[in-house]
Every structure is written in C-alpha cells, then in structure tokens.
Amino acid sequence: MIGRLFRRGYEEDYGVLGSPLITSGKHYWEVDVSDKYAWVLGVYGNNCPDSNTMDFVNEGNNYQHVCSQYKPKYGYWVIGLQNHSEYKAFVNLDSSNALSLTLSLKIPPRCVGVFLDYNAGTVSFFNVTDYGFLICKFSSCSFSQEMFPYFNPMKCPGPLKLCSPSS
C-alpha cells in the first residue's frame, strides 16, 4: 500500500492510495466497512488535490468541512458514508449547489465491492452484504491517467480492511 496524509491548514485528509496502480483492464476488490460511521472509498487518478478544492460551509455559528474535492473532475470516483447512516456519491453537478447525491440503501453494507473497468470507463460499487446489490455506477469516465484504489476512514477509529472477494 502507498500511504499519504494530505494536510491543509487545520484539516487533514486520511486517504490512502492502494496498489498496484491501474492503467488498463478490469479490477475488483472488497472493503470491510463494518462498525464504521464514516468512510470514503473508490478510485483516484490525478495529482494531489489542490488546496483550493476544500470548502467550508457556514451553518449558523459552526463551520462544517465539506469534502468537495471528492469529484470526478478532481480525479476521484468515490462513494462514502457520513453521520452513521448517510450514504453519498460524490459527483460533478454543475447545475446545482449540491456536492453529492444521497444514496438509498435498504441494508447497510458491512462490505462494499468496488469494480473498475478501466477500458470501458466505469466504476461500480456493490453492497456485498445485500447479495451484490448495485449501490452506484459511474459511467462514461475518461481515464487518461494511472488509477489507484482509494481508501479513507475519515476520523473514524479502526481500519478499513480489504476482504477476500465473495464467491
């Protein structure tokens, strides 16, 4: 594994890039997300995120960090969990102020499968806990760079662990 901690002012990005780097073909891995209340997973394929992509949103007297760098235009094709039960897909939405799409899952995943088809330009996420239910699919992706598996436990204690793919 290739580890990297991004630091921006007082905020930290706990993301880790996996190996091997991917430049073609089909790749699948599963990640144990059980007992986690926050995480971000998927693929990353760009240089280190620019510090200008980090935003803060004023909510009353509190400033909440928003992970606006997690968009395909910044090299991230990821989904995540926040606040114990809010599943999100981080997408490019030029017509809206929204930074993410809310995903509805009937069964909370304990294990998430990630499938990258580099040549077809797709990244798919599956709820392995719910018999491989498709959570989200990014299609028509333009991968012109090396891609890496991306794992971010956020500030949640305990590791994200790779699982053996289900039969």
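A residue counts as buried when its relative accessible area is under 20%. Keep that cut-off in mind for strand 13, residues 122–127 of this predicted model. Five of its six residues are buried, so strand 13 is largely enclosed by the rest of the structure.

What lies around strand 13? Five strands form an open sheet in the order 14-13-12-5-16. The pairing is antiparallel. Strand 14 and strand 16 (161–163) stand at the edges. Each has a single partner strand, so one side of each is left without a neighbour in the sheet. From one strand to the next, the twist averages 30°. Strands of a sheet pair through backbone hydrogen bonds, and the pairing can be parallel or antiparallel.

Now take the partners of strand 13 in turn. On one side runs strand 12, residues 111–117. Strand 12 and strand 13 are antiparallel and share six bridges. Within this pair, F115 stands opposite S124 of strand 13. The two strands form a hairpin, with four residues between them. In the turn sits G121, which has a positive phi of about 70°.

The next partner is strand 14, residues 133–138. Strand 13 and strand 14 also pair in the antiparallel sense, over five bridges. F126 has L134 of strand 14 as its bridge partner. Here too there is a hairpin, with five residues between the strands. Y131 lies in that turn and has a positive phi of about 55°.

Follow the sheet beyond strand 12 and you reach strand 5, residues 26–32. Seven bridges join strand 5 to strand 12, and the two run antiparallel. V31 stands opposite V112 in strand 12.

Return to strand 13 and look at N127. Is N127 buried or exposed? N127 has a relative accessible area of 1%. The cut-off is under 20%, so N127 is buried. Which backbone atoms does the side chain of N127 reach? One is the backbone oxygen of I107, at 2.6 Å. Another is the backbone nitrogen of T129, at 3.0 Å. Leaving aside neighbours within four places in sequence, N127 is in contact with I107, P108, P109, C111, G132, F133 and I135.

How far does the predictor's confidence reach? The protein averages a pLDDT of 80, and 74% of the residues score at least 70. Confidence is highest in strand 13, at a mean of 98. Confidence is lowest in strand 7 (residues 55–59), at a mean of 35. Over residues 1–10 the pLDDT is below 50, and this stretch has 29 contacts in the model beyond near neighbours in sequence. Residues 48–66 also stay under 50. For residues 48–66 the model has 31 contacts beyond four places in sequence. Where pLDDT is low, the predicted coordinates should not be read in detail.

Terms used:
Residues are numbered from 1 along each chain as its sequence is written. Side-chain values use heavy atoms; hydrogens and water are left out. Buried means under 20% relative accessible area, exposed over 50%, partly exposed in between (1.4 Å probe, protein chains only). Two strands pair if DSSP finds at least two bridges between them. A polar contact is a pair of N or O atoms within 3.5 Å; within protein, one must be able to donate a hydrogen and the other to accept it, and residues adjacent in sequence count only if both atoms are side-chain atoms. Contact means heavy atoms within 4.5 Å. pLDDT is the predictor's confidence in each residue, from 0 to 100. Axes are lines fitted to C-alpha atoms, for helices over the stretch in contact, and angles run from 0 to 180 degrees between N-to-C directions.
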